[in-house]
Amino acid sequence: QVQVVESGGGLVQPGGSLSLSCVVSGTIFSIYTMGWSRQPPGKQRDLVATITSAGNTNYSDSVKGRFTISRDNAKNTVYLQMNSLKPEDAGVYYCHARHDYFGRYYWGKGTLVTVSS
């Protein structure tokens, strides 16, 4: 069965940096589009960034220039490098995998990012 597991969340000060990782197991990683979403306290979950199996990336306007999504197919891992963090970046970050052919989604349980001084 497919498993998606995030890690790397924690407490960071405004202006700081944090790197999240997401490991996918139980399937062929290279045929999935990967993405990160986040859910601030009291708000809806919104898409942050995606990266296709071909390496094409997309970002929400709120994180462009500050966040970078990347993948390492040899490690079945997708990353989210977050720089210049703002308090509004805080929330639970979720990783997802979308099968390129079947369209099926798999979601992780999330990792909490707190941005506070």
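Let me start with β7 and strand β8 (residues 77-82), which pair in the antiparallel sense over six bridges; two strands count as paired if DSSP finds at least two bridges between them. Strands here are DSSP runs of E, at least two residues long, and are numbered from the N terminus. Within this pairing, F67 stands opposite M82 in β8.

A word on the source. This is a predicted model, where local features need pLDDT of at least 70, side-chain atom pairs count only at pLDDT 80 or more, and totals for chains, interfaces and linings use all residues. Residues are numbered from 1 along each chain as its sequence is written, and side-chain values use heavy atoms, with hydrogens and water left out.

Back to the sheet. β7 and β8 belong to an open, antiparallel sheet of four strands, in the order β1-β3-β8-β7. β1 (3-7) and β7 (67-72) are at the edges with a single partner strand each, so one side of each has no neighbour in the sheet. Direction ignored, neighbouring strands are turned by 15° against each other on average, taking axes as lines fitted to C-alpha atoms.

Next, strand β9 (residues 91-99). Seven of its nine residues are buried, meaning under 20% relative accessible area, with exposed over 50% and partly exposed in between, for a 1.4 Å probe and protein chains only. β9 pairs antiparallel with β4 over eight bridges, and Y32 has H99 as its bridge partner in β9. Three bridges join β9 to strand β11 (residues 111-115), also antiparallel; there V92 is partnered by L112. With β10 the pairing is antiparallel over three bridges, and H96 stands opposite W107. The hairpin of β9 and β10 has five residues between the strands, and G103 takes a positive phi near 75°.

Now the aromatic rings. Rings of Phe, Tyr and Trp (its six-membered ring) pair if their centres lie within 6.5 Å; planes under 30 degrees apart are stacked, over 60 edge-to-face, the rest tilted. The count comes to two aromatic pairs. Y32 and Y106 have ring centres 6.2 Å apart and planes at 65°, so this pair is edge-to-face. It links Y32 in strand β4 (residues 32-39) with Y106 in strand β10 (residues 105-107), 74 residues apart. Y32 is buried at 2% relative accessibility, while Y106 is partly exposed at 24%. Y105 and W107 are stacked, 6.5 Å centre to centre with 20° between the planes.

Last, R45. Its charged end sits over the ring of Y94, 3.6 Å from the centre, and over that of W107, 4.8 Å from the centre. The rule asks for NZ of Lys or CZ of Arg within 6 Å of the ring centre and within 35 degrees of the ring normal.

Technical notes
Axes are lines fitted to C-alpha atoms, for helices over the stretch in contact, and angles run from 0 to 180 degrees between N-to-C directions.
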